[in-house]
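Please find below a colleague's note on the model shown here. The points are numbered so that each may be taken up separately.

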Amino acid sequence: FGRDESNVPPMSNLQLLPDADARLTAETTFDCNVVVLAGAGTGKTTLLVNRLIHALLREPHPLRLSDMLALTFTNKAANEMKARLRDRLHGLLDCEADVQSREGGSQCLEEFRLRYHVSTAHVREKIHVALSDLEKSQIATLHSFAAHILRLYPLEARVDPHFHEHEGTQFLRIFQDAWDAWLEQE
């Protein structure tokens with residue numbers, strides 16, 4: 001991936017990491033899929049939050065948070081991601097290029113303004129919209145998102161609209177029954 005670095009200020013302490021270019025590419029590339037493979041504690045959640053923020057603020061074709069989906073495996077991770085996103089958005093509003101936030105590794109409004117060639121007021125407005133959309137966002141676990149879809153389309157999924165999520169052997173039995181029925185129909 002090539003980057004146009006004209007008029008783009010340094011993006012904080014991220015540049016000090018050996019994989020800084022790959023991280024920035026993952027945060028700012030939207031014309032293809034990006035796969036991140038990394039161990040625990042390496043910054044995957046931070047990268048995903050940064051990617052969400054770039055998707056919200058980028059030009060052209062910014063997205064609304066209510067049009068995005070961010071999935072995790074645990075409720076703890078989903079809640080952490082939403083909290084970090086909220087903190088970062090508030091931090092951007094508070095951060096008019098102050099040195100302290102740069103030392104903390106976060107980006108400031110000025111950096112987004114320069115990267116996407118928009119006014120500070122434009123960036124601030126997008127952040128306010130994102131904050132208003134945050135509680136409606138689909139930042140969730142795989143299971144809760146799947147349950148949400150099943151509740152939206154219970155007839156098509158052939159499930160009781162008032163179903164309860166179950167784990168363990170009951171799931172296996174239900175899946176096996178559905179699989180056997182599908183095989184018989186096919």
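**Notes on the predicted model**

1. In this predicted model, the axes of helix α2 (residues 44-57) and helix α5 (residues 109-116) come within 11 Å and cross at roughly 55°. Axes are lines fitted to C-alpha atoms, for helices over the stretch in contact, and angles run from 0 to 180 degrees between N-to-C directions. Helices (H or I, at least four residues) and strands (E, at least two) are DSSP runs, numbered from the N terminus. α2 and α5 are therefore oblique to each other; angles under 35 degrees count as roughly parallel, over 145 as roughly antiparallel, 65 to 115 as roughly perpendicular and the rest as oblique.

2. The crossing of α2 and α5 is right-handed; this term applies if the near helix is turned clockwise from the far one by less than a right angle, and left-handed if anticlockwise. I53, H54 and L57 of α2 make the contact with F112, R115 and Y116 of α5, where contact means heavy atoms within 4.5 Å. By class, four nonpolar, one polar and one charged residues take part in the contact of α2 with α5. Ala, Val, Leu, Ile, Met, Phe, Trp, Tyr, Cys and Pro count as nonpolar, Asp, Glu, Lys and Arg as charged, and the others, Gly among them, as polar.

3. Helix α3 (residues 75-94) packs with α6 at an angle of about 150°, the axes being 10 Å apart. That makes α3 roughly antiparallel to α6. The crossing of α3 and α6 is left-handed. On α3, R86, L89, H90, L92 and L93 meet R124, I127, H128, A130 and L131 of α6. The contact of α3 with α6 has six nonpolar, two polar and two charged residues.

4. The loop between α2 and β1 (69-72) contains P60. The peptide bond from E59 to P60 is cis, with omega near -5°. H61 is found in the loop between α2 and β1 as well, and has a positive phi of about 65° although H61 is not a glycine.

5. The count of aromatic pairs comes to two; rings of Phe, Tyr and Trp (its six-membered ring) pair if their centres lie within 6.5 Å, and planes under 30 degrees apart count as stacked, over 60 as edge-to-face and the rest as tilted. F175 and W179 form a stacked pair, at 6.3 Å centre to centre with 10° between the planes. Being four residues apart in helix α9 (residues 169-185), F175 and W179 are separated by about one helical turn.

6. How confident is the prediction, on average, over the chain? The mean pLDDT (the predictor's confidence in each residue, from 0 to 100) is 83, and 83% of the residues score at least 70. Confidence is lowest in helix α4 (residues 99-103), at a mean of 40, and highest in helix α6 (residues 120-133), at 94. Over residues 97-106 the pLDDT is below 50, and this stretch has 17 contacts in the model beyond near neighbours in sequence. Where pLDDT is low, the predicted coordinates should not be read in detail.

7. On conventions, residues are numbered from 1 along each chain as its sequence is written, and side-chain values use heavy atoms, with hydrogens and water left out. Local features need pLDDT of at least 70, side-chain atom pairs count only at pLDDT 80 or more, and totals for chains, interfaces and linings use all residues.
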